[in-house]
Amino acid sequence: MSKQPQILITDDEKSIRNILRDILEYESYEVEEAENGAEAIEIISDKEIDLVILDIKMKGMDGIETLEKIKESKPDLPVIMISGHGTIKIAVDATKKGAFDFLEKPPDLNRLLVTVRNALKSSELERENKQIRSKLHGASEIIGESAPIQKIKDTITKIAATNSRVLITGENGTGKELVARSIHSQSRRASKPFVDVNCAAIPTELLESELFGHEKGAFTGAVKQRIGKFEQADGGTLFLDEIGDMSPDAQAKVLRALQENKITRVGGSENIEVDVRVISATNKDLQKAISDGEFREDLFHRLSVIPIHIPPLRERKEDISLLARQFLSELGEKDIVFANKSFSDEAISALKEHSWSGNIRELQNVVERLAILSHEDEITADDVRRLVVGNQSSKKAVSELINDLESFQAFKEEAEKLFLVKKLEKYNWNISATAEAIEIRRSHIYNKLKKYDIER
């Protein structure tokens, strides 16, 4: 049997609370009471409340202030405001601050019950929509129980309902986009777009058009008007990944957009208002980039209102067991071939011994490799040692090449191939990121892949 919705009545008049309780309990709702705002906030934090009926005129903390505090901690909790001194201005003010509806006292019985049912239904639909969006966008719960990850989860809970800008730092593969999506999915903007831009993957000359859009004829190839990422994210969240790779010109325009909440399309003159929460991420040391004159200090301070640093996997190895088993379970859900696969405790211990230079992204790839290439349903420590190339095994592989190969040319080519595959795995086979990291052109990597017949 499903749980009946629990409604909190907050009013300093006991007679009103009694009337509302009688009506709602007759309709089989469970009812809690509070006689002031402070008591209501306390009950909401302790119990699973589904709806609040809140009086505007109360002693101490009034209804509007109480509403604001409720929305800070529980932005999705529906609140119906009631007042014996209702005006259109009060009703508009309450609605702007997040109230579901406004009723005059004493409330009409039918109107009250219809409003309660609508509010509860709306809340239920919003929860379902969030779950669907979470699955579609991969914004699942952040996996881990280590102290650093718990701190990140706590921070997300505190800041999600705000519009504060967030700067996420951490190495490649630590899960910066997952944290950004988690913030968005728990925010008031969850029903609006989450738009991501990888600033490192877009050529400098095209980045401004990508972010701000362009007008027809703005430059060669601009055959029609284009809406940029800022406008696409209006009302929602814009995730600027690899923000440290943004050109100085683009930095200046982003700073202006953040200062004025307005953008101008390339080749245009119209100022377009945008309501966007910006979350950015980088694997670079922006303080050093500022010192080197490569990144604007004023933009850094605009972006990093709330800093979140994600530690590398090698610093939270206690999470490896949860992560590895979760990735294996996800493989089993996608393909029945992997449904019976599992890790032995010794295999998990062996995984914890690895250095994980590619972080969670590397672990996910390794789990898939183990699932495919292990001989039995249970993945063993021997499988891990055989199939997972760690720092020590890399050294061993090089020494084996020295012993096995007589020709310097053959050794050079095999070592080059080994190095390239290792780096591509580290950067999740992202050609641009790998090329930048090992300081060669992308075209050279493509040539090497073809030369050595390397496939992902």
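Q: Why does Phe 230 count as buried?
A: Phe 230 has 2% relative accessibility, and buried means under 20% relative accessible area, exposed over 50% and partly exposed in between (1.4 Å probe, protein chains only); Phe 230 therefore counts as buried. This is a predicted model, in which local features need pLDDT of at least 70, side-chain atom pairs count only at pLDDT 80 or more, and totals for chains, interfaces and linings use all residues. Residues are numbered from 1 along each chain as its sequence is written, and side-chain values use heavy atoms, with hydrogens and water left out.

Q: What makes Phe 212 and Phe 230 a stacked aromatic pair?
A: Rings of Phe, Tyr and Trp (its six-membered ring) pair if their centres lie within 6.5 Å; planes under 30 degrees apart count as stacked, over 60 as edge-to-face and the rest as tilted. Phe 212 and Phe 230 lie 5.4 Å centre to centre with 10° between the planes, so the pair is stacked. The pair links distant parts of the chain, with Phe 212 in helix 8 and Phe 230 in helix 9, 18 residues apart. Helices (H or I, at least four residues) and strands (E, at least two) are DSSP runs, numbered from the N terminus.

Q: Why does Phe 212 count as buried?
A: Its relative accessibility is 3%, so Phe 212 falls within the buried class.

Q: What puts the buried residues of helix 14 on the same side?
A: Ala 347, Ile 348, Ala 350 and Leu 351 are buried in helix 14 (residues 345-352). They cover an arc of only 160° around the axis, which puts them on the same side of the helix; the arc is that of the directions from the helix axis to the C-beta atoms. The face turned away from this buried side carries the exposed residues Asp 345 and Glu 346.

Q: Why is Ser 304 called buried?
A: Ser 304 has a relative accessible area of 16% and is therefore buried. Ser 304 is placed in the loop between helix 12 (297-303) and strand 12.
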